[in-house]
Amino acid sequence: MDSRGRFRILAMIMTICSMTAFAAGRHWVVGFSQFGSEGDWRTAETISIQTAFLDDPSFTLIYSEAQRKQENQIKAIRAFISRKVDAILITPLVETDYGPVLQEAKKVGIPVLMIDRDVALDDQALRMTFMGSDFVMEGEKAGSWLAGYLKKMNMDDGTKTIDIAEISGTADSPPSIERGKGFRKISDIHPNWKITQSQPGNFDSDEGKQVAAAFLKEDKNIQVLFAHNDQMALGAAQAVKEAGLRPGKDVIIIGMDGIEEAFEAMVAGDLNCTVECSPLIGARAVQALRDLRSGKKLPPRIWANDGVFDQSNAAAALPIRQY
Ligand code: AHR
């Protein structure tokens with residue numbers, strides 16, 4: 001068949017596909033409320049979702065970014081409800097105070113899907129599903145990696161105190177609460193590990209750097225900086241350098257997310273470990289909405305698969321990182 005014939009068949013298939021999508025009233029308008037754009041991870045998540053919707057013309061995505069303010073986000077969700085969208089995706093800034101607006105969506109029958117972060121237990125019956133990573137497990141993975149590393153380096157005899165300082169994320173946000181919880185599950189079984197300081201760095205690189213600098217001033221014996229994301233871990237590495245110490249050697253630094261810059265820092269020896277938390281959630285979000293639209297029941301929880309990377313495997317993984 002010549003190229004004209006192939007083109008004609010392709011055009012026919014595309015017309016039939018879009019006719020079936022539209023004729024059955026199956027075109028959906030979806031509102032996506034992203035709370036902010038504090039770093040590379042969140043940008044990657046936003047792009048993943050926007051691209052996945054662009055790939056499926058049976059959906060129109062309306063995007064709104066709340067500049068890290070919960071009140072802006074709630075306003076945006078209310079605007080989606082007024083526009084009578086077919087579904088709403090939300091990445092909540094914190095886990096509390098979304099109950100009333102979720103009630104409003106439920107009352108008019110608009111399904112809500114939580115993306116990457118969930119709301120507090122009391123409000124979970126108001127959303128269809130939550131898709132994202134297991135933050136408690138991520139904290140546990142960070143703790144287990146540390147236990148293995150200290151053992152391998154002969155740095156932990158089980159009695160000598162290991163001083164650990166924690167740079168947490170945004171207060172009241174699920175990744176911050178749950179990563180802290182997961183890490184403590186492991187630190188609690190090592191009685192000589194002491195979390196000597198813990199302060200929020202809001203998942204932001206500059207704030208992470210400031211918090212780490214203050215920690216290092218306060219405690220000269222810090223051996224480990226555990227940051228709730230890579231952006232803060234990278235800021236902390238800078239603070240360690242400015243304090244005249246070697247990040248990755250004099251101070252062990254652990255981050256979370258698996259952003260490309262963290263891999264580069266591991267290859268350079270400045271970061272020790274990152275626990276992956278994939279933001280590439282777009283295709284699955286679109287699939288969940290297709291399922292919902294065709295009448296399928298969504299599972300209450302859709303998990304992401306995450307790995308652990310350190311200086312032993314960072315160089316091999318770097319060329320194939322997608323964010
Ligand atoms: O909710 C996921 C977390 O939020 C990511 O670890 C972090 O980078 C982001 O701010």
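This is a predicted model: local features need pLDDT of at least 70, side-chain atom pairs count only at pLDDT 80 or more; totals for chains, interfaces and linings use all residues.

Biologist: At what angle do the axes of helix α2 and helix α10 cross?

Modeller: The axes of α2 (residues 40-54) and α10 (residues 282-293) cross at roughly 50° and come within 7 Å.

Biologist: Which residues in α2 and α10 meet?

Modeller: From α2 there are S48, I49, A52 and F53, and they meet G282, A283, V286 and L289 in α10.

Biologist: How is the packing of helix α7 and helix α8 to be read?

Modeller: Helix α7 (residues 205-218) packs on helix α8 (residues 230-242) at an angle of about 45°, and their axes are 7 Å apart. The two helices are therefore oblique to each other, and their crossing is right-handed. On the α7 side the contact involves S205, G208, K209, A212, A213 and L216. The residues they meet in α8 include Q231, M232, G235 and A236. The contact of α7 with α8 divides into 7 nonpolar, 5 polar and 2 charged residues.

Biologist: Are α3 and α4 roughly parallel or oblique?

Modeller: The axes of α3 (residues 70-82) and α4 (residues 99-107) come within 10 Å and cross at roughly 10°. That makes α3 roughly parallel to α4, since the angle is under 35 degrees. Residues I74, I77, R78 and I81 of α3 make the contact with P100, V101, E104 and A105 of α4. Here the division is 6 nonpolar, no polar and 2 charged residues.

Biologist: Let us turn to the domains. Into which domains is the protein chain divided?

Modeller: Domain 1 comprises 27-132 + 279-305, and domain 2 comprises 135-277. Taken over C-alpha atoms, the centres of the two domains are separated by 30 Å.

Biologist: How much area is buried between domain 1 and domain 2?

Modeller: The size of an interface is often expressed as the accessible area lost when the parts come together. In this model, about 1,100 Å² is buried between domain 1 and domain 2, and carbon and sulfur atoms give 52% of that area. In terms of residues, 13 of domain 1 are in contact with 16 of domain 2.

Notes. Residues are numbered from 1 along each chain as its sequence is written. Side-chain values use heavy atoms; hydrogens and water are left out. Axes are lines fitted to C-alpha atoms, for helices over the stretch in contact, and angles run from 0 to 180 degrees between N-to-C directions. Helices (H or I, at least four residues) and strands (E, at least two) are DSSP runs, numbered from the N terminus. Contact means heavy atoms within 4.5 Å. Domain bounds come from an automatic or database domain assignment. Buried area is the accessible area (1.4 Å probe) that two parts lose on being put together, summed over both. Angles under 35 degrees count as roughly parallel, over 145 as roughly antiparallel, 65 to 115 as roughly perpendicular and the rest as oblique. A crossing is left-handed if the near helix is turned anticlockwise from the far one by less than a right angle, and right-handed if clockwise. Ala, Val, Leu, Ile, Met, Phe, Trp, Tyr, Cys and Pro count as nonpolar, Asp, Glu, Lys and Arg as charged, and the others, Gly among them, as polar.
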